[in-house]
Amino acid sequence: MNGNNFRMSARRCATAAAATVLAAGPVTLAGAGSAHATGGQEGHASASVLRTGLDVSLLNKTVNVPLAVSLNEVEAPRSAQQTALTARLDGVDGGKPFSVIRADVAKTDATVSADKAEGMVQLAHARIHVPGLPLLSLIEVDQVTSKATCEAGESPVASSNVLGSVRVLGKRVTLTAGGTTDVRVPGVGEVRLDLSKRETTSRTAAATALELKVSVNPLKLNVAEVEGTVTLVKATCESPTAPEKEAAPPADQGGDDKSQGTDEKPQGTDEKPQGGDVKPQSADVKPQAASEKKTVDLAETGGSSLTPYLAAGSAVLLAAGGGALAVARRRRG
């Protein structure tokens with residue numbers, strides 16, 4: 001092998017080693033990724049003290065007048081503490097307002113946060129009336145509560161309680177937990193009560209303390225018949241879903257490229273033994289390693305992330321060039 005061929009071979013090895021080192025840097029950086037969140041779903045909660053869906057038939061007309069009213073019906077985030085509700089119906093008692101519900105305490109609260117949704121209702125010492133029965137209460141209760149709680153990642157919970165005495169159409173009744181009670185009053189009508197209705201799914205919950213199916217015929221105040229439903233103290237919720245995190249991409253490819261760059265370096269090292277005078281040149285490389293350390297320190301305070309790879313490539317080129325120069329001088333001598 002002549003001097004020209006040797007110099008060409010040394011240059012090619014050095015160039016390939018430097019290119020490998022520089023190429024490994026961007027690949028390694030590209031392999032590093034940070035986890036980011038995909039959109040979650042917000043929760044929902046609602047609460048109501050009273051909701052009616054009644055049809056009122058009038059004596060002197062062939063039409064029905066709907067009575068659809070509610071007390072303290074809220075959706076998160078909101079609360080209410082109104083304790084009385086009145087309504088007016090055309091044709092009923094000359095259009096005068098009549099009381100639908102009066103209570104000492106009637107409170108609703110619906111809240112939603114990032115990991116929890118909850119609805120709560122409290123009712124105490126309440127009387128509910130329907131059109132045509134101004135003096136006789138449809139139902140009287142001492143204390144009623146409902147609560148629905150939905151937490152992210154947890155099973156929803158629904159609960160309701162009816163405490164104290166309950167009177168329906170003036171009659172004291174005993175309610176069966178989770179059952180149905182029928183109350184009949186001759187000449188007045190019939191009421192069916194469903195106590196403590198609770199429903200839950202994987203993400204939702206609903207609790208209703210009392211649901212009344214009403215069919216009464218008061219024959220007073222121009223009212224012939226009242227039919228429909230009355231829902232008393234209901235809370236619902238839907239749990240929020242937390243944002244899902246995507247896993248960071250694996251950095252295996254970057255690690256493989258680094259090892260390839262490392263494999264190239266011994267090729268430049270193999271050239272050094274061919275010239276016995278190359279050892280002094282290796283000493284010249286050490287200050288460059290110190291410079292490389294300084295460069296790394298600078299990178300930590302704001303330098304480019306490619307600086308370590310440029311320094312490594314320069315070291316390889318310098319070592320290979322020095323070896324080639326030393327061998328060429330020896331051959332000339």
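## A buried cysteine and its partner

Cysteine 237 counts as buried, because its relative accessibility is 4% and buried means under 20%. The model that shows this is predicted. Cysteine 150 is buried as well, with a relative accessibility of 0%.

These two cysteines form a disulfide. Their sulfur atoms lie 2.0 Å apart. A disulfide is a covalent bond between the sulfur atoms of two cysteines. The structure holds one such link. The link of cysteine 150 and cysteine 237 is right-handed, with 65° about the S-S bond. It connects distant parts of the chain, as the two cysteines are 87 residues apart. Cysteine 150 sits in strand E9, residues 139-151. Cysteine 237 sits in strand E15, residues 223-238.

## The chain as a whole

The chain has 333 residues, and 38% of them count as buried. Its secondary structure consists of four helices and 15 strands.

The accessible surface of the chain comes to about 18,500 Å². Carbon and sulfur atoms account for 50% of that surface.

Strand E1 covers residues 44-58, and serine 48 lies in it. Serine 48 has a relative accessibility of 2%, so this residue counts as buried.

What does serine 48 touch, leaving aside residues up to four places away in sequence? The list is Leu71, Asn72, Glu73, Thr108, Val121, Val233 and Lys234.

## The second largest pocket

Rolling a probe the size of a water molecule over the atoms shows where empty space is left. The second largest pocket holds about 160 Å³ of space. Twelve residues line this pocket. Closest to its centre are Val162, Gly164, Val166, Leu175 and Leu195.

Which strands each supply at least two residues of the lining? They are strand E10 (157-168), strand E11 (171-173) and strand E13 (189-200). E10 gives the largest share, six residues. By type, the lining of the second largest pocket divides into six nonpolar residues, five polar and one charged.

Terms used
Residues are numbered from 1 along each chain as its sequence is written. This is a predicted model: local features need pLDDT of at least 70, side-chain atom pairs count only at pLDDT 80 or more; totals for chains, interfaces and linings use all residues. Side-chain values use heavy atoms; hydrogens and water are left out. A disulfide is a pair of cysteine sulfur atoms within 2.5 Å. Buried means under 20% relative accessible area, exposed over 50%, partly exposed in between (1.4 Å probe, protein chains only). On a 1 Å grid over the protein atoms alone, a cavity is a set of points where a 1.4 Å probe fits but cannot get out, and a pocket is an open set with protein on both sides within 12 Å along at least five of seven lines; lining residues have an atom within 4 Å of a point. Grid points are joined across faces, edges and corners, and a volume is the space filled by probe spheres set on the points. Ala, Val, Leu, Ile, Met, Phe, Trp, Tyr, Cys and Pro count as nonpolar, Asp, Glu, Lys and Arg as charged, and the others, Gly among them, as polar. Accessible areas come from the Shrake-Rupley method with a 1.4 Å probe; for residues, only the protein chains shown count as cover. Contact means heavy atoms within 4.5 Å.
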